[in-house]
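Q: I'd like to learn how to read a couple of features in a model like this one. Can we go through them step by step?

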Amino acid sequence: MKRLIPILALLLLVGCRQKTLDDRVMLGVFEPQQGLYGETGADTWRGVKLAHSLRPVAGGKQIALSLYDTKSQSFEAANGVSVLSDKGALALIGTFGTDSMNRARPVIKAAKTPTVTGSTAADLNDDYWITPVCMNDREQARAMAAFAANTLGLRDIAIVVDAETGYGTDLAKNFAQALPDYVHSYTVHYHTGETRFSREIARLKKYPVDGIYCPGDATSGAYFIRAAKKAGMNVPLMGADRWENPSFKEIGKDDVEGVYFTAHYARYETFNQASDAFLLAYEKAYDRAPTSYAAMGYDAYNLIADAMNEVGPDRAAVARYLRRLDTFDGALGINKRHKTRSVPIMRQKGKTPDYVTSVEVGS
């Protein structure tokens with residue numbers, strides 16, 4: 001009898017441990033935490049962690065998070081999907097980069113793992129297993145084109161674009177196509193990582209431009225603006241969502257004051273109760289203002305948690321739920337799939353941008 005007691009205790013311990021493991025489910029996150037886009041990925045990760053801290057259980061399961069750092073390398077996004085899905089992730093969150101998501105897409109499809117993303121690639125809705133949580137590049141570009149022509153009254157716009165990224169070229173193409181016929185555009189390309197822009201500025205000065213659209217990353221955008229201001233090009237400067245990153249102001253300093261860019265989240269110009277709740281919780285948790293990317297991570301987590309509550313912790317069921325979802329009320333505002341989008345236009349002022357207006361565009 002004495003020998004049976006340790007055996008019974010061991011069986012009970014194993015049983016409790018198995019029950020604990022069965023009550024857990026893992027969500028994977030693949031975002032850069034270092035390199036050129038590290039600050040953006042870190043913001044997304046903060047948003048995910050905040051949502052998890054407020055809502056650690058969904059569908060009767062304790063949720064565990066697992067992060068794969070893509071190190072700002074687009075091919076690592078595909079590796080991240082493979083690693084996290086092999087570890088048993090119920091669903092994935094990632095990544096904001098257009099080029100990175102294009103690498104990850106075939107792996108997501110092969111792994112059949114539902115993925116909620118902050119990527120702005122325009123055709124992600126075509127992929128069954130991928131659910132975008134924000135507006136896409138086509139919508140951003142259309143909104144800024146309308147703002148440039150109708151609000152700023154520009155008629156000759158230079159488009160300065162990184163020729164080596166899908167993100168920049170997609171935005172530039174859609175911006176040019178969305179301009180009214182009476183607005184002329186002139187395209188100038190640059191290489192990823194450019195900081196001087198001397199040749200590009202020399203070309204620009206040959207054109208009669210009254211505005212410039214530069215849809216690049218925060219670093220290149222800031223260096224370009226500094227070069228343009230130094231060359232005496234005092235015209236309205238416009239960009240896209242990556243100018244919201246803190247490094248844009250840190251590098252551009254006073255030169256970036258007054259520039260315009262599209263964003264996904266208008267911060268203090270909140271749209272609903274979910275936006276208000278997110279803002280208060282984020283500032284309390286991190287003692288800093290959130291960016292659009294933090295809101296994306298927060299919303300992505302909550303979308304998956306909502307799905308788990310409705311259909312349970314099953315990959316196929318979660319994907320089906322997300323696919324059929326028409327409206328989501330989150331930190332980014334009320335997101336209606338396949339409907340008109342309201343795109344915030346921001347203007348850089350001090351350390352944080354100010355909300356200017358919103359432009360309605362079709363999806």
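This is a predicted model: local features need pLDDT of at least 70, side-chain atom pairs count only at pLDDT 80 or more; totals for chains, interfaces and linings use all residues.

Q: Is Lys-71 buried, exposed or partly exposed?
A: Lys-71 has 46% relative accessibility, so it counts as partly exposed.

Q: Where does Lys-71 sit, and what is its phi?
A: You'll find Lys-71 in the loop that links strand S3 (61-69) to helix H3 (74-86). Its phi is positive, about 55 degrees, even though Lys-71 is not a glycine.

Q: And what about Ser-72: which loop holds it, and is it buried or exposed?
A: Ser-72 is in the loop between S3 and H3. With 17% relative accessibility, it counts as buried because the limit for that is under 20%. Phi of Ser-72 is positive too, near 65 degrees, and this residue is not a glycine either.

Q: Now helix packing. What describes two packed helices?
A: You use the angle between their axes and the distance between the axes. Here, helix H2 (residues 38-54) packs with helix H10 (residues 273-286) at about 105 degrees, and the axes are 11 Å apart. Angles of 65 to 115 degrees count as roughly perpendicular, so that is the label for H2 and H10.

Q: Which residues meet there?
A: From H2 come Asp-43, Arg-46, Gly-47, Lys-49, Leu-50 and Leu-54. Their partners in H10 are Phe-278, Ala-281, Tyr-282, Ala-285 and Tyr-286. Sorted by class, the H2 contact with H10 has 7 nonpolar, 1 polar and 3 charged residues.

Note on methods:
Residues are numbered from 1 along each chain as its sequence is written. Side-chain values use heavy atoms; hydrogens and water are left out. Helices (H or I, at least four residues) and strands (E, at least two) are DSSP runs, numbered from the N terminus. Buried means under 20% relative accessible area, exposed over 50%, partly exposed in between (1.4 Å probe, protein chains only). Axes are lines fitted to C-alpha atoms, for helices over the stretch in contact, and angles run from 0 to 180 degrees between N-to-C directions. Angles under 35 degrees count as roughly parallel, over 145 as roughly antiparallel, 65 to 115 as roughly perpendicular and the rest as oblique. Contact means heavy atoms within 4.5 Å. Ala, Val, Leu, Ile, Met, Phe, Trp, Tyr, Cys and Pro count as nonpolar, Asp, Glu, Lys and Arg as charged, and the others, Gly among them, as polar.
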